[in-house]
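Hello,

Here is the structure I promised to pass on. Please open it alongside this note; my findings follow below.

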Amino acid sequence: MLRHALKNALNPVLTTIRLQLPVLIGGAVVVEHIFNIPGIGSLVVRTLEQRDYPLLAGLNMMMAGFVLLVNVIVDISYAWLDPRIQYK
């Protein structure tokens, strides 16, 4: 049961993770700023306040790279979970 059903059931879960990741990163910015938690989100807010645009661009590229990395991992796991999916 787990071997056959779990692989088919994971595709919607992976799709949800893929779509919610940018929302989670944006939410981290808000939560870290409101609750004064040190992290990437509070660093983004601080760089906006100080108008440090090169650091802001670097943080933006880092977060976008993380989202792209997760998207690639999800795409690879689609092919691993369902052999009918093939990338050419």
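The model is predicted, so local features need pLDDT of at least 70, side-chain atom pairs count only at pLDDT 80 or more, and totals for chains, interfaces and linings use all residues. Residues are numbered from 1 along each chain as its sequence is written, and side-chain values use heavy atoms, with hydrogens and water left out.

Helix α2 itself spans residues 40–50. Helices here are DSSP runs of H or I, at least four residues, numbered from the N terminus. Gly41, Ser42, Val44, Val45 and Thr47 of α2 are buried (under 20% relative accessible area; exposed is over 50%, partly exposed in between; 1.4 Å probe, protein chains only). Their cover includes α1 (2–34) and α3 (53–81).

Now the salt bridges (a side-chain nitrogen of Lys or Arg within 4 Å of a carboxyl oxygen of Asp or Glu). The count comes to two.

One joins aspartate 75 and arginine 18, at 2.7 Å, N to O. Aspartate 75 lies in α3 and arginine 18 in α1, so the pair ties together parts that are 57 residues apart in sequence. Aspartate 75 is partly exposed, at 26% relative accessibility. Arginine 18 is also partly exposed, with a relative accessible area of 22%.

Arginine 84 and aspartate 82 form a salt bridge too, at 3.0 Å, N to O. Buried or exposed: which is arginine 84? Arginine 84 is exposed, at 69% relative accessibility. Aspartate 82 is buried, with a relative accessible area of 10%.

Best wishes

How values were computed. Helices (H or I, at least four residues) and strands (E, at least two) are DSSP runs, numbered from the N terminus. Contact means heavy atoms within 4.5 Å.
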